[in-house]
Amino acid sequence: MINIETEVVVVGAGPGGYAAAFYAADHGKKVILIERDERLGGVCLNRGCIPSKALLHAAKLISEAKESSFRGIEFAEPKINLDKMREWKNSIITKLSQGIASLGQRRNVEVIYGRGYFEGNDTIRVETSEGQKFIKYQKAIIAVGSKPALPAAFDLGNPRIMTSTEALEIEEIPQKLLVVGGGYIGMELGTVYASMGSEVTMVEAMDSILMGADPDLIRPVKDYAAKAFKEVRTKAKVLSMATQKKQISVKMEHEGKATEELYDRVLVSVGRVPNSDDMGLENTKVQLDAKKFIQVNDRCQTSDPNICAIGDIAGGVLLAHKAAKEARIAVENIVGEASTSKDVIIPAVVFTDPEVAWCGLTETEAKQKGIEVKSVKFPWSASGRALTFDRTDGLTKLVIEPETDRILGVGIVGHGAGELISEGVLAVEMGATAKDLAESVHPHPTLSETLMESAELFYGYATHAVMRRRPSETSVAAS
Amino acid sequence: MDVRVPQLAEGVTSGTVVSLLVKEGESVKKEQTLLELETNKAVATIPSPGEGTIAKILVSEGDEVAVGSVLMSLSADGAAPVEASQPAAAVPSPSAPASIPAPAAAVQQSPVQTTTVQAPVTYQYQSLAGSPPPASPSIRKMAFQLGIDLMRVKGSENGGRIVLEDVKNYIQFLQAKAFSETGSSAASGTKPAKTVDFSKWGEVSRKKMSRLRRTISEQMSDCWRTIPHVTQFDDASLDALMKLRKKYVEDYKKAGASLTVTTFVLKAVVDTLKKHPIFNASIDEATDEVVYKEYYNLGIAVDTDQGLIVPVIRNVDRKNLFELSLELADLAARTRDRKVSMDDLQGASFTISNQGGIGGTHFTPIVNKPEVAILGLGKGGIKPVVKDGKITTGLTMPVALSYDHRLIDGGSAARFMTDFCLALQNFTDADLKLTGSKQSSQKKASPNKSKKRGKK
């Protein structure tokens with residue numbers, strides 16, 4: 001038995017955990033980072049954001065090559081070597097993971113690999129390959145994240161029923177793939193498999209895919225899905241699954257009819273659940289909510305004065321950059337700088353084709369809350385840059401407070417929306433007005449001009465769009 | 001939709017929630033009264049801005065809330081309940097004297113300075129969207145660490161955005177205010193309040209001073225401290241007046257009005273003020289100017305269960321005795337029920353305090369700033385009077401006029417008093433007669449008027 005003492009212990013080395021560990025070390029704290037996986041980086045790096053984006057890049061390459069014949073460029077059918085693709089994807093992960101390890105080393109953050117278990121609110125036990133280690137800490141930051149939900153009814157122990165974790169390993173390209181759940185994970189991975197040749201059927205229980213986003217922003221994604229997927233069934237429910245030889249037999253209900261179909265593989269992407277089990281939280285004063293997320297206040301503090309929680313495990317939106325921001329907030333409060341998550345803008349990005357991104361107040365939310373806003377929309381059909389690569393299926397939208405012209409929210413759909421949204425985040429965080437955005441020169445020809453031009457549109461003078469008579473309608477006609 | 005404390009009246013920056021009339025989850029109609037707010041002047045009702053369901057109530061009875069802060073959130077029917085963005089902000093106390101200047105402009109100013117810094121004490125950021133005040137993340141972080149509520153800081157940049165300079169100015173203002181408060185109390189020799197243990201000498205009970213009492217206390221101390229008071233006494237003969245009153249009181253009663261001495265006093269005061277306009281004036285202390293008013297709005301001190309309230313009858317010079325008697329009765333009744341609106345309590349140019357109904361003779365009323373004079377009436381009665389060299393009896397009323405000696409000299413006061421006493425004797429039948437048409441038109445007009453006011 002080994003006893004170690006430290007000032008700060010961080011449990012979980014995902015994008016929240018390693019950021020917290022590094023930041024605490026940068027503040028001069030003695031930090032121990034505990035990771036149960038053999039690699040640092042968490043789900044995001046190993047089984048989430050990063051591998052999915054790598055595969056989406058590959059998927060894009062395939063679909064762009066396929067759609068280039070009208071430009072006078074023709075390619076032969078792509079030959080896909082899955083082993084090589086996996087190797088390439090894993091090389092990215094390895095590179096990033098090693099990078100994190102070396103960044104930790106240079107900050108003298110001690111990494112202990114093994115499962116952490118709270119013995120009390122000042123001691124955590126780690127089961128390592130070298131035996132048990134007991135760490136006595138002053139402050140702990142829990143950043144153990146979440147995992148894909150797999151409802152018991154679907155959990156047949158059959159590897160053909162996958163969650164995002166297995167789907168990212170691309171063992172094979174199934175001929176017929178069923179994606180259960182039309183959220184962003186299902187959409188992104190459905191896109192990957194469809195590009196590589198699978199016949200994708202998507203099932204969503206709600207009225208629409210990508211619920212929560214403004215309907216006008218997801219329209220281009222729906223159009224893509226209608227084209228790339230075999231079928232998208234909304235308001236449909238999967239009743240049961242059964243193994244049938246090398247296939248999965250799926251019973252579902254759609255439009256009042258019950259069907260039974262065979263699929264080669266099924267991807268279940270119906271949400272994520274917190275990893276709060278089996279880590280000894282009952283030995284601390286930490287409290288969980290009904291869904292087993294850790295309850296925290298706006299300073300990322302739990303009900304246990306020694307313990308903070310950040311990222312997915314603390315609930316809210318399950319996004320890596322939210323975890324990274326909370327890492328800052330938690331550490332700042334630990335080192336005595338007051339810091340709050342209140343009024344922090346967390347942007348959302350869906351890496352579909354085209355991408356959807358938004359930040360701040362959405363039109364949907366404004367409507368729900370009865371907030372009066374004005375919105376302006378700039379269609380990418382009026383963007384020269386979008387035309388140059390044949391992706392005019394985009395829209396840039398500003399949600400504006402009418403009395404002050406302040407930008408309360410930004411929504412973008414289109415190629416590279418994920419990169420473009422950051423300017424919107426800055427505008428909302430800075431309390432910028434539409435005038436501020438309109439007055440800032442944007443380089444030509446870029447997609448970022450659509451942000452400037454939508455602000456100009458608010459005042460009725462965008463160069464490349466014409467406002468209709470009534471400004472309240474804020475409709476535009478492309479020039 | 002957030003329901004916020006509206007701008008109640010000039011100088012009213014906060015109120016106390018006296019009663020909550022709705023519960024969370026209750027559906028409400030537009031204009032339905034949600035809660036009652038007691039301010040230092042009256043009880044104001046807060047109506048619902050629209051139809052919907054009360055999603056969340058952020059205050060409870062007894063809470064003190066600032067203008068602009070969120071009281072509750074209302075969700076349109078069908079919509080999910082919404083978390084209100086910001087709970088009602090606590091009111092900084094004690095209320096700051098209004099004379100504190102706004103912070104001096106920053107050392108370095110941008111070449112084009114279009115906004116002026118508003119006195120931060122009364123400033124409260126308001127956003128219909130319920131969004132926090134616009135400020136960059138770095139400024140918000142700094143404010144959070146300093147414990148400065150940005151809702152109270154007025155931003156000078158485009159769209160009201162708060163920049164470092166604004167926060168600096170605000171902090172400087174707070175510091176200046178802190179120093180000027182200790183300075184003034186030292187200058188006036190006020191000692192810090194001390195708690196006396198009265199229970200040493202017997203049983204006692206303690207009760208919190210009501211807001212109204214606190215306001216009266218502050219206002220009276222301020223007036224007493226800053227105005228050099230002199231009080232002029234006289235006895236006014238009411239014989240002629242009471243004779244006339246007797247003649248018409250029944251007619252008035254039939255017409256639904258009660259003809260009281262105060263009604264006559266209102267009219268006599270206006271006649272006298274017209275002759276002596278300095279008594280209807282105010283001192284503008286900031287500019288050293290005398291402000292003469294072309295209107296005659298008379299405050300009437302009304303004794304209520306909770307304390308003294310002074311509602312105002314406007315344009316007394318343009319109303320006849322019948323109209324005044326109706327309005328007086330209505331106003332007094334609404335004041336006793338604490339139902340007067342903020343508007344009813346503002347803009348007096350002279351005040352009358354009548355204790356005649358209670359008893360006593362001469363007393364020395366305190367001038368109600370920024371007015372410069374106040375008339376106190378005692379209980380009238382039969383007294384010995386000398387008339388034509390003989391001692392006889394007459395109905396007289398003790399009258400006392402307190403005035404601000406900074407502006408008004410003793411001679412002027414004596415002349416005012418003489419003219420006032422004469423005016424009380426000079427009423428004629430013409431002043432009192434109810435003409436048929438007038439009367440009926442009054443009857444119609446008055447209820448309408450009060451209805452209108454009730455809506456406010």
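The model is predicted, so local features need pLDDT of at least 70 and side-chain atom pairs count only at pLDDT 80 or more, while totals for chains, interfaces and linings use all residues. Residues are numbered from 1 along each chain as its sequence is written, and side-chain values use heavy atoms, with hydrogens and water left out.

At the interface, 24 residues of chain A are in contact with 22 residues of chain B (contact means heavy atoms within 4.5 Å). The buried area between the two chains is about 1900 Å², and carbon and sulfur atoms give 51% of it; buried area is the accessible area, with a 1.4 Å probe, that two parts lose on being put together, summed over both. Of the area that chain B buries against chain A, 26% comes from B:Ala129, B:Phe144 and B:Asn158, more than from any other three residues.

There are 2 salt bridges between chain B and chain A (a side-chain nitrogen of Lys or Arg within 4 Å of a carboxyl oxygen of Asp or Glu). A salt bridge joins A:Glu429 and B:Arg140, with the closest N and O atoms 2.1 Å apart.

Helix H5 of chain B covers residues 261-275; helices are DSSP runs (H or I) of at least four residues, numbered from the N terminus. Of its 15 residues, 11 are buried, so H5(B) is largely enclosed by the rest of the structure. Buried means under 20% relative accessible area, computed with a 1.4 Å probe on protein chains only. The buried residues include B:Phe264, B:Leu266 and B:Lys267.

Key:
Chains are lettered from A and ligands numbered from 1 in the order in which they are written. Helices (H or I, at least four residues) and strands (E, at least two) are DSSP runs, numbered from the N terminus. The expected span of a helix is 1.5 Å times one less than its number of residues. Buried means under 20% relative accessible area, exposed over 50%, partly exposed in between (1.4 Å probe, protein chains only).
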